[in-house]
Amino acid sequence: EQVKQLLESVYRDALDKPEKIRMAALLETLYATGLRVSELVSLPLKSLIAEPTTKKLQQMLLVKGKGGRERLV
């Protein structure tokens with residue numbers, strides 16, 4: 001219920017500014033993946049995985065976590 005309220009509060013405001021869109025994307029990603037906040041805010045663009053032939057983004061992220069270990073989420 002709390003997560004639902006949090007996400008609704010983000011979408012209640014019109015997403016007319018880049019920082020609002022970013023916040024919504026961060027919260028959705030955080031909730032959907034279970035990442036640590038520190039992992040989420042430090043994600044480099046190269047963590048997005050694209051299909052080699054079509055360059056279409058896959059629905060996975062390559063995350064470097066504690067101890068430098070990498071995992072797919």
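Biologist: Which residue forms a salt bridge with Glu39, with the closest N and O atoms 2.6 Å apart?

Modeller: That's Arg36. Keep in mind that this is a predicted model.

Biologist: Okay. Is Glu39 buried or exposed?

Modeller: Glu39 counts as buried, because its relative accessibility is 5% and the cut-off for buried is under 20%. Arg36 is partly exposed, with a relative accessible area of 38%.

Biologist: And which side chain meets Glu39 in a salt bridge at 2.9 Å, N to O?

Modeller: Arg71 does. That pair links distant parts of the chain: Glu39 sits in helix H3 and Arg71 in strand S3 (residues 70-72), 32 residues apart. Arg71 is partly exposed, at 31% relative accessible area. Through shared partners, the salt bridges join Arg36, Glu39 and Arg71 into one network.

Biologist: How many salt bridges does the structure hold?

Modeller: Three. One of them pairs Asp16 with Lys20, where the closest N and O atoms are 3.7 Å apart.

Biologist: Where do those two stand on accessibility, Asp16 and Lys20?

Modeller: Asp16 counts as exposed at 54%, while Lys20 is partly exposed at 29%.

Biologist: Switching topic. Which residues make up the largest nonpolar core?

Modeller: Five of them: Leu26, Leu35, Leu40, Leu61 and Val63.

Biologist: What does Leu40 touch, if I skip residues up to four places away in sequence?

Modeller: Leu26, Thr29, Leu30 and Leu35. Leu26 and Leu35 also belong to that core.

Biologist: What about Ser47, where is that?

Modeller: Ser47 is in the loop between helix H3 (37-41) and strand S1 (48-50).

Biologist: Buried or exposed, then?

Modeller: Ser47 is buried, since its relative accessible area is 4%, and anything under 20% falls in that class.

Biologist: Which backbone oxygen lies 2.7 Å from a polar atom of the Ser47 side chain?

Modeller: The one from Pro44. Leaving out neighbours within four places in sequence, Ser47 is also in contact with Met60, Leu61 and Leu62.

Biologist: Last one, the surface. Which residues make the nonpolar patch of about 260 Å²?

Modeller: Tyr11, Leu15 and Ile21 make that patch. Ile21 is found in helix H2, which covers residues 18-33.

Biologist: And how accessible is Ile21?

Modeller: Ile21 comes out at 46% relative accessibility, so it counts as partly exposed; exposed would need over 50%.

How values were computed:
Residues are numbered from 1 along each chain as its sequence is written. This is a predicted model: local features need pLDDT of at least 70, side-chain atom pairs count only at pLDDT 80 or more; totals for chains, interfaces and linings use all residues. Side-chain values use heavy atoms; hydrogens and water are left out. Helices (H or I, at least four residues) and strands (E, at least two) are DSSP runs, numbered from the N terminus. Buried means under 20% relative accessible area, exposed over 50%, partly exposed in between (1.4 Å probe, protein chains only). A polar contact is a pair of N or O atoms within 3.5 Å; within protein, one must be able to donate a hydrogen and the other to accept it, and residues adjacent in sequence count only if both atoms are side-chain atoms. Contact means heavy atoms within 4.5 Å. Patches are made of residues with over 30% relative accessible area and no salt bridge: like charges are joined within 9 Å, nonpolar side chains (Val, Leu, Ile, Met, Phe, Trp, Tyr) within 5 Å. Accessible areas come from the Shrake-Rupley method with a 1.4 Å probe; for residues, only the protein chains shown count as cover. A salt bridge is a side-chain nitrogen of Lys or Arg within 4 Å of a carboxyl oxygen of Asp or Glu. A nonpolar core is a set of buried Ala, Val, Leu, Ile, Met, Phe, Trp, Tyr and Cys residues joined through side-chain atoms within 4.5 Å.
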